[in-house]
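This briefing collects local features of one protein model. Please keep the sequence and the structure open while reading.

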Amino acid sequence: MAAPIVLFGAFDRHNFGDLLFPHVAAALLPGRELVFAGLAERDLRPFGGHRVQALHRLAGDGALRGAHLLHVGGEILSCSARQAALMLLPADELTPTLSYLEHRPDEERQWLRTWLGTASPMPYVASRDDLPGVGRIVFDAVGGVALGALPPAWRQAVLGRLAAADAVGVRDATTLAQLQSAGIAAALMPDPAVMVETLFGAEIRARAGRPPVAQVLAAFPAGCIAVQLSADFGDDATLARVAAQLDAAAADTGLGTVLFRAGAAPWHDDLGRLAQVAARMVSPVQLFESLDVWDICALLAHGRVHAGSSLHGHIVASAFGVPAIGLARPDEAGQPAKLAAYAATWESPDAGAWPVARLAEGLRAALQDDAAPRDARRRRWVAAYREGFERVARCLR
């Protein structure tokens, strides 16, 4: 009998891509006994996710001795314990918690160990110490563009765990170069989200016939621009610039605008900021409030064009053949950015995110893009991911 597989990742909080990853892995591992694990016990099923167990609580489960551990993707190689813990908090507890911990480093260390069930500084990169008796440990299309910016001890902790793994797949050339320079044998493969249309396209398209996607399509019969912004686009000047650019794009194209969130965990997206953009606009606009990952997929699949800061909004739109552009914050120049690194790896070497001040220009360019090369690219992505996943999955047999 094949050993169980523990699917481990950051799908214990609401983030669009992270919630999709275990669905992709499960679809490609038919018939296998799967356990869904994160750092915290959570039930994300109301949002289209999974019921997730805490990894540290599985350590004493004798039924999992010999199980394999599959890291299912995400920017986990540069996610610190502090970041992980804060993103697992309810949104209304974030500010009070930060205020309390600000001058209490000893209490923070203890809180992190208790909250996450591990003393690791980089807890989404698991090792055999985290699940004693585990069989193989593999990494499926993970990212870490900011790995080089970590404190040396944290970086060495990540590299040590990767070096001890049985297979490592990474999703962008920036991360790959950093691992190769450290002597880590890693292979390049696309992000798991490139498989969403191939694996789930029929059921996603069917959602166009019912709320909330049906209301969007009815409101904008000529089509819509699906727009997502992370919370760090939230200063007044940036929001005003976004609104003006979207009005200009609407005047050019005749399309409506739909503003949606790709994550509701702390530091992700904020509905209030999107409402501020909508309030500044004069062209037709709607707020898309659903946080169900399949509703978000359906919105992206039926948009005419997508713009956003979310890597996985970009990938899912592209997987359905919808032209997509990335958005960069005004303060992002020169900093490692996972969307830009991914686009440069899998789209074109000069691909990158558009500045907010040129959002309308970027949308015009995307709409003029030839569909045939886009279709060819996404077929290559699916083929490359299947090949990469098969290479990783050989270790799980």
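Pro212 is found in the loop between H8 and helix H9 (213–219), and the peptide bond that joins Pro211 to Pro212 is cis, with omega near 0°. Helices (H or I, at least four residues) and strands (E, at least two) are DSSP runs, numbered from the N terminus. The model is a predicted one, in which local features need pLDDT of at least 70 and side-chain atom pairs count only at pLDDT 80 or more, while totals for chains, interfaces and linings use all residues. Residues are numbered from 1 along each chain as its sequence is written, and side-chain values use heavy atoms, with hydrogens and water left out.

**Backbone**

- Ala141 has a phi near 55°, a positive value in a residue other than glycine.
- Ala141 is placed in strand E6 (residues 137–142) and, at 0% relative accessibility, counts as buried. Buried means under 20% relative accessible area, exposed means over 50%, and partly exposed is in between (1.4 Å probe, protein chains only).
- Trp267 is not a glycine either, yet its phi is positive, at about 75°.
- Trp267 sits in the loop between strand E10 (256–260) and helix H11 (271–280), and its relative accessibility of 45% makes it partly exposed.

**Packing of helix H1**

- The axes of helix H1 (residues 16–27) and helix H12 (residues 293–302) come within 10 Å and cross at roughly 105°. H1 is therefore roughly perpendicular to H12. Axes are lines fitted to C-alpha atoms, for helices over the stretch in contact, and angles run from 0 to 180 degrees between N-to-C directions. Angles under 35 degrees count as roughly parallel, over 145 as roughly antiparallel, 65 to 115 as roughly perpendicular and the rest as oblique.
- On the H1 side, the contact with H12 is made by Phe16, Leu19, Leu20 and His23; on the H12 side, by Val293, Trp294, Ile296, Cys297 and Leu300. Contact means heavy atoms within 4.5 Å.
- By class, this contact of H1 with H12 has eight nonpolar residues, one polar and no charged. Ala, Val, Leu, Ile, Met, Phe, Trp, Tyr, Cys and Pro count as nonpolar, Asp, Glu, Lys and Arg as charged, and the others, Gly among them, as polar.
- H1 also packs with helix H13 (residues 311–319), at an angle of about 55° and with the axes 8 Å apart. H1 and H13 are therefore oblique to each other.
- Phe16, Gly17, Leu20 and Phe21 of H1 meet His312, Gly313 and Val316 of H13. The contact of H1 with H13 has four nonpolar, three polar and no charged residues.

**Aromatic rings**

- Five aromatic pairs are found in a search of the whole structure. One of them is the stacked pair of Trp111 and Trp115, at 6.2 Å centre to centre with 10° between the planes. Rings of Phe, Tyr and Trp (its six-membered ring) pair if their centres lie within 6.5 Å; planes under 30 degrees apart count as stacked, over 60 as edge-to-face and the rest as tilted.
- Both Trp111 and Trp115 lie in helix H5 (residues 105–116), four residues apart, about one turn of the helix.
- Trp111 is partly exposed at 22% relative accessibility, and Trp115 is partly exposed at 29%.
- Arg104 lies over the face of Tyr100, 4.0 Å from the ring centre. A charge sits over a ring if NZ of Lys or CZ of Arg is within 6 Å of the ring centre and within 35 degrees of the ring normal.

**Single residues and their contacts**

- Gln245, in helix H10 (residues 236–253), is buried with a relative accessible area of 16%. Leaving aside neighbours within four places in sequence, Gln245 is in contact with Val356, Ala357, Arg358, Leu359, Ala360 and Glu361.
- Gln178, in helix H7 (residues 173–181), is buried with a relative accessible area of 15%. Not counting residues up to four places away in sequence, Gln178 touches Gly144, Val145, Leu147, Gly148 and Arg155.
- Leu287, in strand E11 (residues 285–288), is partly exposed at 30%. With residues up to four places away in sequence not counted, Leu287 touches Leu259, Leu271, Leu274, Ala275 and Ala278.
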